[in-house]
Amino acid sequence: MLKYQIITFGCQMNKADSERIATTLEKKGYKPTKDSNKANLVLINMCSVRQSAVDRVYGKINNLKKIKVKNPKLKTILTGCILKKDKRKFEKFFDEIWSNKNHFKEKAKCQNKSLAFVPISNGCNNACTYCVVPYTRGALNCRSHKEILKEAKSFIKKGLNPIRNAISNGAREIWLLGQNVNDYHSPTNKTINFARLLDLINDIPGNFRILFTSPHPKNFSDELIESLDRCQKFGNYLNIPVQSGNDQILKKMNRNYTAKEYRKLIEKIKKKIPKIKLSTDIIVGFPGETKKQFQDTVKLFKEIKFNWAYISKYSPRPGTAAFKLKDDISLSEKKKRETILREILKKAWKIN
């Protein structure tokens, strides 16, 4: 019996891709295993967002080399978000490298029976200066609303197990995925944007919660807020990346909004949906970020009182616009700033 193992790094989009790749492999007669030593094929779905994520792949390579000594027929494949620079280095280690193509057409094999990842788009048309997504996933490519609805209905009809956490409170979860979900427009009906798509999914019968990641603050519309308010199945959780609380740094990041505009957006959301749980993404130590500029992020954190935050220490990524900037913030200073924000979060948890 042929066996495969998929090792996934990175975001939920990568996890969704892995679920669809699993279906492809099982159509070819492979069965899953969690043990690399028992596998005939090992596929690594990698992430290039941070150097630490790339380094984890190198760690897996060393283990696979040892296994190949015992099992020379082991086939190794690399896929996911791969920069050209990294691809050239990895070619000598893997038998095959698969391009990061859309897996929309393939039905997902859900790894978690309580939630389903449903991609609504792939790629991104934004040009955030620190981000590799446009170079690894390409331009925005939206999926037909009919395909999305069909897939969501199939998960509910098949039956997902109820789960219990702070978001779902015992309901099943449907996660809509995209690099910027609020850029969504159906290619088969341009009148159906993301707000309208949420309405359509909300109308599907069944006990489930709708969640999504990630929206961009610059085009988080009033229409979308209204949709979230009226959708009874919305999970009352939002991740809205702010990245920095300083306008100069936001401009260098090409985020196309100010800290004041971000605050106004959060105020509108909280006013309309008072019980909303909020998280955000932050990059500390972006090139040129002074201690004074960082204090603007500290101030924003204290004001908004996020329920959670994904805090990253800036790392240069080849091919991005920010790579041309001098990485002039020391690692120790980045760690210090990260710690400061985490301490603010802890205090917010006690209050909430």
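**View 1. Pairing of strand β9 in the predicted model.** In β9, Leu 177 is the bridge partner of Pro 119. Strand β6 (residues 115-119) pairs with β9 in the parallel sense over five bridges, where pairing requires that DSSP finds at least two bridges between two strands, and strands (E, at least two residues) and helices (H or I, at least four) are DSSP runs numbered from the N terminus. Strand β12 (residues 208-213) runs parallel to β9 and is joined to β9 by six bridges, with Glu 173 standing opposite Arg 209 in β12. Because five of the six residues of β9 (residues 172-177) are buried, this strand is largely enclosed by the rest of the structure; buried means under 20% relative accessible area, exposed over 50%, and partly exposed in between (1.4 Å probe, protein chains only).

**View 2. The nonpolar surface patch around Tyr 310**. Trp 308, Tyr 310 and Trp 349 make a nonpolar surface patch of about 320 Å². Tyr 310 has its place in strand β15 (residues 308-313) and is partly exposed, with a relative accessible area of 44%. Patches consist of residues with over 30% relative accessible area and no salt bridge, with like charges joined within 9 Å and nonpolar side chains (Val, Leu, Ile, Met, Phe, Trp, Tyr) within 5 Å; a salt bridge is a side-chain nitrogen of Lys or Arg within 4 Å of a carboxyl oxygen of Asp or Glu.

**View 3. The positive surface patch and helix α3**. Lys 65, Lys 84, Lys 87, Arg 88, Lys 89 and Lys 92 form a positive surface patch, to which helix α3 (residues 84-90) gives the largest share, four residues. Lys 92 lies in the loop between α3 and β5 (96-97) and is exposed, with a relative accessible area of 68%.

**Notes.** Residues are numbered from 1 along each chain as its sequence is written, and side-chain values use heavy atoms, with hydrogens and water left out. In this predicted model, local features need pLDDT of at least 70 and side-chain atom pairs count only at pLDDT 80 or more, whereas totals for chains, interfaces and linings use all residues.

Technical notes:
Accessible areas come from the Shrake-Rupley method with a 1.4 Å probe; for residues, only the protein chains shown count as cover. Lys and Arg count as positive and Asp and Glu as negative; His and the chain ends are not counted. The place of a charge is taken as NZ of Lys, CZ of Arg, CG of Asp or CD of Glu.
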